[in-house]
Amino acid sequence: MIRLRRFDRREDVTAAAADVVCALLAANPEAVIGLATGRTQEPLFTELLRRHRAGGVSFRRAIFFHLDEYWRLPASSPQSMSHTLRSLFVGATDLPADRFHCVDGMAVDPAAEAARYETKIRQASGIDLQLLGMGTNGHIGFNEPGSPHDSRMRLINLTDETREQNRDFFPPDAVVPAQALTMGIATILEAKSILVLVTGASKRAALQAAVEGTISAACPASALRRHPDCTMLCDAEAVSSLKGM
Ligand code: GLP
């Protein structure tokens, strides 16, 4: 089931998401949180850091897992998801470095790396709160359309649309990686609760397909309707095509 919450502005979405993260950590300072990257998440990192610096939240006893990583991009590359999360957020918090778990995009064997990462998640007793964004094609993590809803973490080929969407993160002469390691849809659905941030007109069609279309592999985000505790925080631009919004 998806609980949709509509906000007028994207800043309100960010604030509401930060409220959820802070409330979870207040109730359980050892919460396990899955982090996503992307333009939609970046204001949330800024807001969480602001609250952290103001003494409003500590991450010291939390555990973070990130969601996906480009294949064959070293963690030292500024475009890697782990580097992005470290530089924009995690590295500026009080979270001890060994409590931030990353997928190794340079691993020799992607299947072994995927299995290692899934084991790490299980050893942490699973993810309490998974943060997500959504691609314009309805992807979650890097689960592109066609991804089975029972998929586990694996290597996946990125669509041209996704690579184009992420091109701005790379220098003009760089090639956007064609593959990524991503938590699978089943991996994501095992999180105890899921919080999806959806903002802007570019997400309108994907959001409509996810919440009003058929639940199918063609729309990876539609799988979230099978989850017992999934909330989507949306701004007015994103929800404007939905019935009753
Ligand atoms: C990226 C990431 C996703 C992210 C999505 C939306 O490719 N793999 O985790 O949620 O696309 O990104 P944005 O927020 O920049 O629109």
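1. Start with helix α3, which spans residues 81–88. Its buried residues are Met81, Ser82, Thr84 and Leu85. Buried means under 20% relative accessible area, exposed means over 50%, and partly exposed lies in between (1.4 Å probe, protein chains only). The four cover an arc of only 160 degrees around the axis, so they sit on the same side of α3. That arc is taken from the directions that run from the helix axis to the C-beta atoms.

2. What do the buried residues of α3 pack against? Their partners are α2 (42–53) and the strands β2 (32–35), β3 (63–66), β4 (68–70) and β5 (100–101). Contact here means heavy atoms within 4.5 Å.

3. A word on the source. This is a predicted model, where local features need pLDDT of at least 70 and side-chain atom pairs count only at pLDDT 80 or more, while totals for chains, interfaces and linings use all residues. Residues are numbered from 1 along each chain as its sequence is written, and side-chain values use heavy atoms, with hydrogens and water left out.

4. Now take helix α7, residues 204–212. Ala206, Leu207, Ala210 and Val211 are its buried residues. They cover an arc of only 115 degrees around the axis, which puts them on the same side of α7. They pack against β1 (2–7), β9 (193–198), β10 (230–235) and α8 (236–239).

5. The chain has eight helices and 10 strands. These are DSSP runs numbered from the N terminus: helices are H or I with at least four residues, strands are E with at least two.

6. Does the overall size fit a compact globule or depart from one? For 245 residues, such a globule would have a radius of gyration near 18 Å; the chain has 17 Å, which agrees. The radius is taken over C-alpha atoms, and the globule rule is 2.2 Å times the number of residues to the power 0.38. Along the principal axes, the C-alpha atoms fill a box of roughly 45 × 40 × 35 Å.

7. Of the 245 residues, 53% count as buried. Consider the contacts with a separation of 6 or more. Residues 24 or more positions apart account for 78% of them.

8. Last, look at Ala174. It lies in the loop between α5 (160–165) and β8 (179–182). Ala174 is partly exposed, because its relative accessible area is 23%. Ala27 is 147 residues from Ala174 along the chain, and their C-alpha atoms are separated by 44 Å.
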